[in-house]
Amino acid sequence: MSIALKLEGVSKTYNDFQAVKNLSFSVKTGSICGFLGHNGAGKTSTLRMILGLTAPTAGHIEVLGSTGQKVLDRIGFLPEERGLYRKMKAIDTIVFFAGLKGIKASVARARGIELLEAQGLGPFIYKQVGTLSKGMQQKVQLISALVHKPEFVILDEPFSGLDPVNQQGLENLIKSLAHEGATVLFSTHIMQHAERLCENIVMLTKGEKVFEGTVKEARAKAPRFLELEGSLNALQIATVVGIKSIFNTGPDHYSCELDMGANPLDVLKILLKSGLDIQGFEAKEPSLHEAFMVLTGDHNA
Amino acid sequence: MRKIFLIALRDYIAFVRTVGFWLSLITVPAFILISGSSSYLAHHDSPALRVAVLDISGEHLGPQIEAFINKQDPHYKMAETQITLPKDRLSAAKSVSGGGIRLVTLPTELKDITTMSQADIQLKAYFKNDKADIDSLIVSALDKDVVSLHIWSKSDKKGAVEGAIGDWQFDLLQYYRLAQKNGIDPVIAKTMRDSKAQILNLTPVTNMAAKNDFAENLKTQGPRYVGIAIGYICWISIFSSSMILLQSVIEEKSSKVIEVVLASAPAESLLIGKVIAVSMVMLSVLGIWLSVILSVFGLGLLNIPSDIMLSIMSLAASIFSPGHTLLLLTYFVGGYLMYGMLFASIGAYCESQKDAQAIMGPMMMILMVPVIVMQYALVSSSVPPIRFLSYVPIFAPFLMPLRMAGKLETWEYIVTLGGMALMTWFMIRVGVRAFKQGTLNGAKLNLRHIVKLISGK
């Protein structure tokens, strides 16, 4: 499978502040990649460099086999800080941005109307953007980013400000984009979206990459938990091999954090052999959120 | 190129749709049209003043006064003196008098007046009556052997006749009266009058101006005033369009739309597109203004005498010759690019109008320099402050068009155009860099940053 995006040793410094440090990762063509990190981790700075809006202080970026802004017409971009011409009509906005991407006005108009109607904005096609609700404006912005059928879609915090229904709609849209062959890179600090959508993720903290791989691989970086139920001796449990720590989560309920690499079933067998009165158990896989917490260390998630 | 065109077109349509654009477009032509129409209507629709002449001089001056007033025949010759009433004087009188003066027969009830005291009593009563048959009465009398004209008018026509006849040479009446009284041939008297010593300046321009002819004055002084007007127009156009550019960038930056556009088009395209859009707005406004002005002139609404009109046209032909026009355009375009780039770059560093005001304060001080200096051009367009400052590239777009109305050396064009070209190149280069930095990196505009921008590091 070919590579749609490749970063090698990319750094970005603003005056004395290093926003991105020696970042390298790649995104496969046709995949959905989550670009994860807490606020200020360097995600937006990286996306801007990918788009050629700012130049990296060091390193090399290749998008769709090219460098610089040559491939802008093949990219769709939704910025974190949404911005539209408030006095332009919704359809005119879409046609204008499509025009900048090299699409004929007549084609863009037909496609824009189709997309607006699909998003439930049929009655607002000829309304000024400024008169639309925030959610509707976001949809117009998203359509503007996708109307030219880009090969590579970059979405910066696409879910922020959307209600649960629209978040679900956007998730479906991202899936359909990938299904149609587009490569999607989206940044977020909400792990659930990445967990549901991404094959691969890149985690960033303080401008540095802390992880690159699949969601499963990321989860594997976090310890597993074994939930136990019964009148148990916590001190006895804590001494069992494979258990890192134990927490009392309620009357006769315990949560055991396992050592990295420890198998919950193996640990459970040892616990049963030791004669403990275990009335119930559950092996809990770590969430991406938990993996993120672990991978980003002491940093705020 | 396509992206530049699209950005320019979008911005142009956005500007054109603003209320401010239509207001600026309408107000100036409306003012020209209203003032032109008023002048036209005043001339064509106002009824002529009904004026009668009462001669109590005892020297039969009445017909001569009537001859002066009778402006129907421009070649009218005074019956007794054979002196031609100057054609231009008739024209001037015509233009001053609005609806003009119509001589009417003296009302019967005033025919009995033979003395000034009688006139005072009867005319006071007559003109207090709003239903008086005539608007004004010119009473010619002799006061200590000097011809005097007493003008009586209805209260609402006060000053109208004086205004209309003020420019005529009524003193000729006294002059020729005295000549005849002393047995001097009026023709010889005229020759003597005309052969008075003249005080002339030795420069050809003022020599002609000594003739005190408006049309000639227009020829000699006109270019200077046109130069001043062009200088001011350049300043206003460049400054106002640069301000539009500044506001447009601030608006796009504060609404965050600039990042979306820059993800689709290079910063250079956005900047050039904006510069073109504003120039198109400016051209639209100027084009419409010019069309209205030319229409007003063409329809004769300004009621300008034909000889003055000819002088204006000859003046325009000399100032707006192809070479001259090309130079004017070059200075204008250079100035617009210099200031447009500068203002757009400043806009890129501002999040709001308030931010812009803080930066624009010192800028305005510099921009006011040519405006202050241009006032010296009322004396001469080549006074040292104007001449020396016109060599400074940032002032050349305003002061060179002003100076071009006079005679300039070729090296002055070369130096100013060269300097301006270099400065424009520098501004474009640094402006694009600053625009990128300001819009995308959120950099702050301080001395250190400016040095970085200029050095390109």
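1. Strands S11 (residues 243-250) and S12 of chain A pair in the antiparallel sense over 6 bridges. Two strands count as paired if DSSP finds at least two bridges between them. Helices (H or I, at least four residues) and strands (E, at least two) are DSSP runs, numbered from the N terminus. Across this pairing, Ser245(A) stands opposite Glu257(A) of S12(A). The two strands make a hairpin with 2 residues between them. In its turn, Asp252(A) has a positive phi of about 65°.

2. A word on the source. This is a predicted model, where local features need pLDDT of at least 70, side-chain atom pairs count only at pLDDT 80 or more, and totals for chains, interfaces and linings use all residues. Residues are numbered from 1 along each chain as its sequence is written, while chains are lettered from A and ligands numbered from 1 in the order in which they are written.

3. Now the other partner of S12(A). Strand S10 (residues 225-229) of chain A is joined to S12(A) by 5 bridges, and the two run antiparallel. Glu227(A) has Ser255(A) as its bridge partner in S12(A). Leu226(A) stands opposite Cys256(A) in S12(A).

4. Which side chains of S12 (residues 253-258) of chain A are buried? Tyr254(A), Cys256(A) and Leu258(A) are, and they point to one face. A residue is buried if 20 or more other C-beta atoms lie within 10 Å of its own, exposed if 12 or fewer, and partly exposed in between; C-beta atoms are placed from the backbone.

5. Chain A has an open sheet of 4 strands, in the order S11-S12-S10-S13, with antiparallel pairing. Its edge strands are S11 and strand S13 (280-284) of chain A, each pairing on one side only. Neighbouring strands are turned by 20° against each other on average, direction ignored. For such angles, axes are lines fitted to C-alpha atoms, for helices over the stretch in contact, and angles run from 0 to 180 degrees between N-to-C directions.

6. Another open sheet in chain A has 3 strands in the order S2-S1-S4, and its pairing is antiparallel. S2 (17-28) and S4 (58-63) of chain A stand at the edges with a single partner strand each, so one side of each has no neighbour in the sheet. The twist averages 15° from one strand to the next. Strand S1 (residues 3-14) of chain A is joined to S4(A) by 5 bridges, running antiparallel. Lys6(A) stands opposite Glu62(A) in S4(A).

7. Asn22(A) is not a glycine, yet its phi is positive, about 45°. Asn22(A) is found in strand S2 of chain A. With 15 other C-beta atoms within 10 Å, Asn22(A) is partly exposed. Lys206(A) is not a glycine either, and has a positive phi of about 50°. Lys206(A) lies in the loop between strand S8 (200-205) and strand S9 (208-214) of chain A. It has 17 C-beta neighbours inside 10 Å, so it counts as partly exposed.

8. How many residues of helix H2 (residues 90-100) of chain A are buried? The count is 11 of its 11, so the helix is mostly covered. Among them are Asp92(A), Thr93(A), Phe96(A) and Phe97(A). The cover includes helix H3 (105-118) and helix H4 (134-146) of chain A, together with helix H1 (2-16) of chain B. After H2(A) comes Gly102(A), whose phi is positive, near 90°.

9. Next, the meeting of the two chains. 17 residues of chain B are in contact with 21 residues of chain A. Contact means that the C-beta atoms of two residues, placed from the backbone, lie within 7 Å. On the chain B side, the elements giving two or more residues are H1, helix H11 (257-262) and helix H18 (410-441) of chain B. By class, that side has 9 nonpolar, 3 polar and 5 charged residues. Here Ala, Val, Leu, Ile, Met, Phe, Trp, Tyr, Cys and Pro count as nonpolar, Asp, Glu, Lys and Arg as charged, and the others, Gly among them, as polar.

10. Last, one residue of chain B. Asp143(B) is found in strand S3 (residues 136-143) of chain B. It has 10 C-beta neighbours inside 10 Å and counts as exposed. The C-alpha atoms of Asp143(B) and Met116(B) are separated by 10.0 Å, and the two residues are 27 residues apart along the chain.
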